[in-house]
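The following paragraphs guide a reader through one protein model. Please keep the sequence and the structure in view while reading.

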Amino acid sequence: MVRAAEWRLRIDGAQPPSPEAIAAIGMVCDGAEDSGGHGPVVVELSGVPEGDWTSELTVGLVSKWERVLRRLERLPTTTIAVADGDCGGPALDALLVTDIRIATPSLRLVLPVADGATWPGMALHRLAQQTAGTAAIRRAVLFGTPLDAARALALYLVDEVTDDAVGSAAAAAELTAVYVGSELAIRRQLLLDAPAVLFEEALGAHLAACDRVLRRTSAEVAT
């Protein structure tokens, strides 16, 4: 699942969250953090869980899964998803925490079903956050209606649909190579917080970020 030397992850959405998957993501996060964010993390995604896929899950395991995804979402480096075919469960979860999302034309985003309803994990929350209103994803969230590549692109859930996903991922990695470190993570967090935080509450965090930039630029001029 992991090719740590290349900061790569392969997440099979057909498999439920597992301790092994959590550990694999954690290893890549460790490497990316220890390197100071040098080099993007590329996440290859496909697959949808079927059948009795929740039989081995516990709330504790799901909590650990969501926490490691949150860690992936906050890395001090660019995260690039390459999604192919049907993507649901862990594959959809991971897609929604990445910065740049590249899809093949065969992509379909699918919320998996468990106990007669769609799975109520944090993917549901992120889908609602990342689209322009809940109406656009109502059928997907309530009834598991797949979102094909064109629809996912229209909703900005993916950034590009291409037959050359590998080439597009390499181009994205080159384009974003200079954007690394804690400042990238801070910008991402400000962006994620914006829909839910009032201007007055957000102002302090934005001013603090501006102050850090000004202090560094002043120090550079002084030297």
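Between strand E7 (113-114) and strand E8 (117-118) runs a loop, and aspartate 115 has its place there. The model is a predicted one, and in it the phi of aspartate 115 is near 55 degrees, a positive value in a residue that is not glycine. Most residues other than glycine have a negative phi. Aspartate 115 has a relative accessibility of 84% and therefore counts as exposed, since the threshold for that class is over 50%.

With a relative accessible area of 68%, tyrosine 156 is exposed.

The surface also carries a nonpolar patch of about 320 Å², to which Phe199, Leu203 and Leu207 contribute. One of these residues, leucine 203, is found in helix H9, which spans residues 199-222. Its relative accessibility is 37%, so leucine 203 counts as partly exposed, a class that lies between the 20% and 50% limits.

What does leucine 107 touch, residues up to four places away in sequence not being counted? Leucine 107 touches Ala83, Gly85, Cys87, Leu147, Asp148, Ala149, Ala152 and Val158.

The last topic is the aromatic rings. A search of the whole structure finds one aromatic pair. The ring centres of tryptophan 53 and tryptophan 119 are 5.2 Å apart and the ring planes stand at 70 degrees, so the pair is edge-to-face, a term applied to angles over 60 degrees. Where do the two partners lie along the chain? Tryptophan 53 belongs to the loop between strand E3 (41-47) and helix H2 (59-73), while tryptophan 119 belongs to the loop between E8 and helix H4 (122-130); the pair therefore ties together parts that are 66 residues apart in sequence.

Are these two tryptophans buried or partly exposed? Tryptophan 53 has a relative accessible area of 6% and is buried, because that class covers values under 20%. Tryptophan 119, at 24% relative accessibility, counts as partly exposed.

How values were computed:
Residues numbered from 1 in each chain as written. Predicted model: local features only at pLDDT ≥ 70, side-chain atom pairs only at ≥ 80, totals over all residues. Heavy atoms only, no water. Helix = DSSP H or I, 4+ residues; strand = E, 2+ residues; numbered from the N terminus. Buried < 20%, exposed > 50% of the residue type's maximum accessible area, 1.4 Å probe, protein only. Patch = residues over 30% accessible without salt bridge, like charges linked within 9 Å, V, L, I, M, F, W, Y side chains within 5 Å. Areas by Shrake-Rupley, 256 points an atom, 1.4 Å probe, with all protein chains shown as cover. Salt bridge = Lys/Arg side-chain N within 4 Å of Asp/Glu carboxyl O. Contact = heavy atoms within 4.5 Å. Phe/Tyr/Trp six-rings, centres within 6.5 Å; stacked < 30°, edge-to-face > 60°.
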